[in-house]
Amino acid sequence: MLFVLLGWRNLWRKPGRSAISIAAIASGLFFLILLLGISVGLKEQMLSNGTSLLQGHLQVHHRDYLPDRGLYDLIGGDQDALELEALIETLEAQPQFEAVAPRLYGFSLISTGEQSAGAQLLGIDPRLESRVTSFLEGMVAGKSLTPVAQGQVLLGATLAKELRASTGDEIAAVTQAADGSLGNELYQVAGILKTGLSHLDRVLAVIHYRDLQQLLVLRSWAVHELALRIERPELADSVADELNQSGLLPVDSLAQGWGELAPQLRDYVGLIDSFYGFLIGFISFFAALGVLNTMLMAVFERTQEFGMVGALGMTPLQILVTVLVETLVLVSLGIGLGLLISFLVMQPLSAHGIDLSRWTGGLTMLNTRIDPVIRFGWAGKHLVWSVIGMVAAALLASLIPARRIARMDPVVALRGVVEGSG
Amino acid sequence: MILLRLAWRNLWRNRRRTLLTTTTMALGLTVLLVTLGLGDGSHLQMINSAVRSGSGHVLIQARGYQELGGVERTLSGQQRRAVAGWVLEKEHSFGIIGTAPRISASVLGSSSDGSVGVQLIAVQAEAEARISRFAETVAEGEFLTSKDSGKVLVGVGVARKLKIGLGDKMVLMGQGAQGEIESIVVRIKGLIRTGLVEFDQVLVLADLATGQDFLQLDQRVHQFAVLLDDMNLASPLAAAATRAFPELEVLDWQQALPQLADFIRIDDGGAYVFHFFLFMLIAFMVFNTLLMSVLERRREFALLEALGLVAGQRFLLVLLEATLIAVLALLWGMALGLSLHAYLAMYGLPLDIISTSELSVAGVAFEPIMYSSLSPARILQAMIVVFGMSLMLAMVAARRAALAGDIRLLGSH
Amino acid sequence: MSRIRFLPLFLTTIFLTPVPPSAQNIDPKEIIDRVDRLLRGDSSQGRIEMTVVTKRWKRTVGMEIWSEGVDKALVRITSPKKEEGIATLKVGRDIWNYLSKIDRTIRVPSSMMGSSWMGSHFTNDDLVKESRLVTDYEIELSYAGLRDDVDVYEFRLVPHEDAAVVWGAMTYQVRKADLIPIWARYYDEDGELKRTMTFEDVRLMGGRKIPTLIKLVPADNPQEYTQMIYHDLKFDLELPKRIFSLSELRR
């Protein structure tokens, strides 16, 4: 298009100025992407801490299981049967699921003899569990290849203190089994868990799920919950919907994403999300100021020139478009450069992130070994909106000089400079 | 000085350019102030919420209580009086707003519909009303007064599980300080909703005397929570208390609530990086505008050189211009930034459009409004950073201006 | 207070004289206290068959029990095989469970008092509660006359304001002839029925006339119930002290 060629040539009449403008736009975009990147990184870390500690990104239960967590509301309970291994295999075979872990829950009295306390028993499959959640990494005492084998138990830190129990001790668990009898068994304390969540550390006792099935007199397919990990946790709710429709789950089951299971977390994340829009808007405005400045100069030092083309027959609309296209070319070059630099810089930042330990020192949040590293995140949506934002802001800004010059009477324009540029 | 007057007039000769540069700097300062304010504000809110829900800024208790708990691990009547007296002495020097003695124990709460494990917290009603959040979280009924022996407030989760409401009775049973199992009957005076679901499911709040009677504690208490006006005095007060009472355990809020302290540190870390990049952005933008103006004015500088101004003087001229602009920008940025901050400090940023349920993070519930909070130190920090950066950039630009004189430019147009 | 001292005397009187006291001599408190102590006495030993029916399962457990006053009780399971040897010891307000399969004794903390005892509709708290009907409740006679052709007294018990009981009220129906209870109903403070205990199958056992079938039915789930059938109950034996001890628990 002629206009584009014109715009291009006009830009390079003042190479210094154009270069500075392009640099401004490029740096604006670059920093915008960085700032968005770090916000995304922080959000994902928060999400990660909130969900992959114990909850998992999605959970599957019997429809009636929550919120009361009835012992008899097992997955597949309505049919009184479940191909548990097959179900887990099928789910893992789906591309969107990275890992699946089954859980069984029970409430029981646990005791060292003289010290007793009520505890929440969590039965896990130790091979599968750490592929979905990270709470087992918070083991502060005890070490073994399988975190908890059959016959063993892991106690929450506060619970262990209350019982005056430590690794190697033996505890008894007593509960009312599913058939009404008094289930009781001995387990050896294989480790102490510190999740950092006080309401868990106070009641949690983790055993092998087969042990719990035996204790509760339930059959080998009995589980209350499947926890799943997916690649993009922010999509959990829609993945859960898909799963529910897919027919892979038993008829009486329901899959839910973390958004439904922990609405407070979703709200906090939503807070951070709404911040992005503000950021994009602000930086676009900043960049637009620069564009405004450049275009004001670029236009008004050529007032006579515009006067001439106007006198020669160019319509005001065409003049307007000329200016806008020139702006567009300028902005495109800036954005192109900005994107290039961003790609280069974001690669290492999203792969390795920034280590915050220089500022924060060692941290003991959530488990004993947390690395305060923030990985930057790329979000396609952000990129699109950033570019749109900047282009729109720039075009709007350039409307100011564009309209002025387009409205100007060519005769007046021909006469001379309106605004001093020196 | 002639140069100064020249600088000033130069500013106003090209209003567009001046406006642009000033706006860029001012906007940068404004955004910095607002993001710092909201960030600090939200942390402060969380800390306030947390300390007023239990730990106070400083917690004084019997040695070993934090780790092991135990109903019998108390401050004796004498220790209690000593601490109360000491706190009174220190009231002015540390800005102590109030102090609240507390008892807490895990007991069983029963109604005709079942039983549930509860956390009994017994407090001195008036002191508590002054310093803690509990009085504000009453969802139904009324807060306690010290005449309310035998009356309690329960969390909404407790009420739901036991199917009890205002006026109903509940039996509390637990192990007393002598090791015997004790039980009492209490009546519900009100329901509490703190916003922390796990807490609302176990909380039972009673008057101090009721708790002491129930658990056979006479005049003893488990904890003394002290609330301050300025949270930065928490550590010094804790240190002073440790020296005064070496046989007791003294914690500041960071030690009492490590989860919250860690969350704030991680958040701060992230914020540091964020502000760093924001700052870089502002710097770039300002630099761009400065460079632009130097570029534009090449002819002007060539003219000045021809008129006799040497490089050093041209340098100083640009520097003075930039300083003046920076001062203007500072004033404008402060005005805008501080007024936004004032608005946000008063009315806050409402978050209810985004949040549907009660907000809680790191074990602390907070209201869905974010308030801004800026300490004088912070404001000064922002000012110095922006001003300093602007000047430094101006010097770079000024150098270019000094070198830019080229007689040949005078000819072309 | 002074009434309690008279009580043993009164009890003896009741058992030895089958003639019902005339209406003017009725002391509701004493009758209720007698009902309360019906299955205790100074000491007792016996066998019980407990059947528990819930929505999900039904089971029957055979037990042997010993008791002394209101303070001490020992219960040992004799059947089914899986739970044989499991025992519960109560001394004062403390409860211990002995689990035979794992050969361990554990103390039941107050936080578990609300949970069911041995899977039944009785709670650990029911077991632990010293019978304090007379001290905790205001007792009045609410009806005396015929019900279903049986001459009965009905009493209404309302707890004192400071009594640590969860009920709002209780009602008792007792046979006038021999002061054997027929039923007891537990209400919450709004007057809603929460559970009903019935006393049936009155026989002579251990020298006393007692109801040998006691059934507890929760009001919100009337298909469920816990039923205790007494076989072979003896009273006022010399029970060796060591029975109510932790070491004995394990035998």
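1. Start with Arg193(B). Setting aside residues up to four places away in sequence, Arg193(B) touches Thr137(B), Ala139(B), Val156(B) and Asp200(B). The model is predicted, and what follows should be read as such. Arg193(B) sits in a loop of chain B, between strand S7 (181-192) and helix H8 (197-200).

2. Now chain B as a whole. It has 16 helices and 14 strands. Its radius of gyration is 31 Å, well over the 22 Å that the globule rule gives for 413 residues, so the chain is more spread out than a compact globule. The C-alpha trace spans about 105 × 45 × 30 Å along the principal axes. Take the contacts in chain B between residues at least 6 apart in sequence. Of these, 80% join residues at least 24 apart.

3. The largest nonpolar core has 298 residues. Which of them touch the most other members? Val153(A) and Leu205(B) do. The element that gives the most to this core is helix H10 of chain A (residues 263-300), with 19 residues. As general background, nonpolar side chains tend to be buried together in soluble globular proteins.

4. Look around Val153(A). Leaving aside neighbours within four places in sequence, Val153(A) is in contact with Val148(A), Ile171(A), Tyr187(A), Val189(A), Ala190(A), Ala205(A), Val206(A) and Ile207(A).

5. With 20 other C-beta atoms within 10 Å, Leu261(A) is buried. That count meets the cut-off, because 20 or more is what burial requires. Beyond four places in sequence, Leu261(A) touches Gln55(A), Gln59(A) and Gln256(A). Leu58(A) is 203 residues away along the chain, and the two C-alpha atoms are separated by 8.5 Å.

6. Next, a helix pair in chain A. Packed helices are described by the angle and the distance between their axes. For H12 (residues 316-351) and H14 (residues 380-407) of chain A, the axes come within 8 Å and cross at roughly 150°. The crossing of H12(A) and H14(A) is right-handed. The residues of H12(A) in the contact include Pro316(A), Ile319(A), Leu320(A), Val323(A) and Leu324(A). On the H14(A) side, Val387(A), Met390(A), Val391(A), Arg403(A) and Arg407(A) are among them. By class, the H12(A)–H14(A) contact has 17 nonpolar, two polar and two charged residues.

7. The meeting of chains A and C comes next. Here 18 residues of chain A are in contact with 23 residues of chain C. Four strands of chain A each supply at least two residues of the side that touches chain C: S2 (97-111), S3 (116-124), S6 (170-176) and S7 (182-193). Which element gives the largest share of that side? S7(A) does, with four residues. By class, the side of chain A that touches chain C has seven nonpolar, eight polar and three charged residues.

8. Chain C itself has five helices and 13 strands. Of its 251 residues, 34% are buried. Among contacts in chain C with a separation of 6 or more, 41% are between residues 24 or more positions apart.

9. Finally, check the backbone of chain C. Most residues other than glycine have a negative phi, and most peptide bonds are trans. Ser79(C) and Pro80(C) are joined by a cis peptide bond, with omega about 5°. Pro80(C) lies in the loop between strands S3 (72-79) and S4 (87-91) of chain C.

10. Asp103(C), not a glycine, has a phi of about 55°. Asp103(C) is in the loop between strands S5 (94-99) and S6 (104-108) of chain C. Met118(C) has a positive phi near 55°. Met118(C) is in the loop between S6 and helix H3 (124-128) of chain C. Which surroundings go with each? Asp103(C) is exposed, with 11 C-beta neighbours inside 10 Å, whereas Met118(C) is buried, with 23 other C-beta atoms within 10 Å.

How values were computed:
Residues are numbered from 1 along each chain as its sequence is written. Chains are lettered from A and ligands numbered from 1 in the order in which they are written. This is a predicted model: local features need pLDDT of at least 70, side-chain atom pairs count only at pLDDT 80 or more; totals for chains, interfaces and linings use all residues. A residue is buried if 20 or more other C-beta atoms lie within 10 Å of its own, exposed if 12 or fewer, and partly exposed in between; C-beta atoms are placed from the backbone. Two residues are in contact if their C-beta atoms, placed from the backbone, lie within 7 Å. A nonpolar core is a set of buried Ala, Val, Leu, Ile, Met, Phe, Trp, Tyr and Cys residues joined through C-beta atoms within 7 Å. The radius of gyration is taken over C-alpha atoms; the globule rule is 2.2 Å times the number of residues to the power 0.38. Axes are lines fitted to C-alpha atoms, for helices over the stretch in contact, and angles run from 0 to 180 degrees between N-to-C directions. A crossing is left-handed if the near helix is turned anticlockwise from the far one by less than a right angle, and right-handed if clockwise. Ala, Val, Leu, Ile, Met, Phe, Trp, Tyr, Cys and Pro count as nonpolar, Asp, Glu, Lys and Arg as charged, and the others, Gly among them, as polar.
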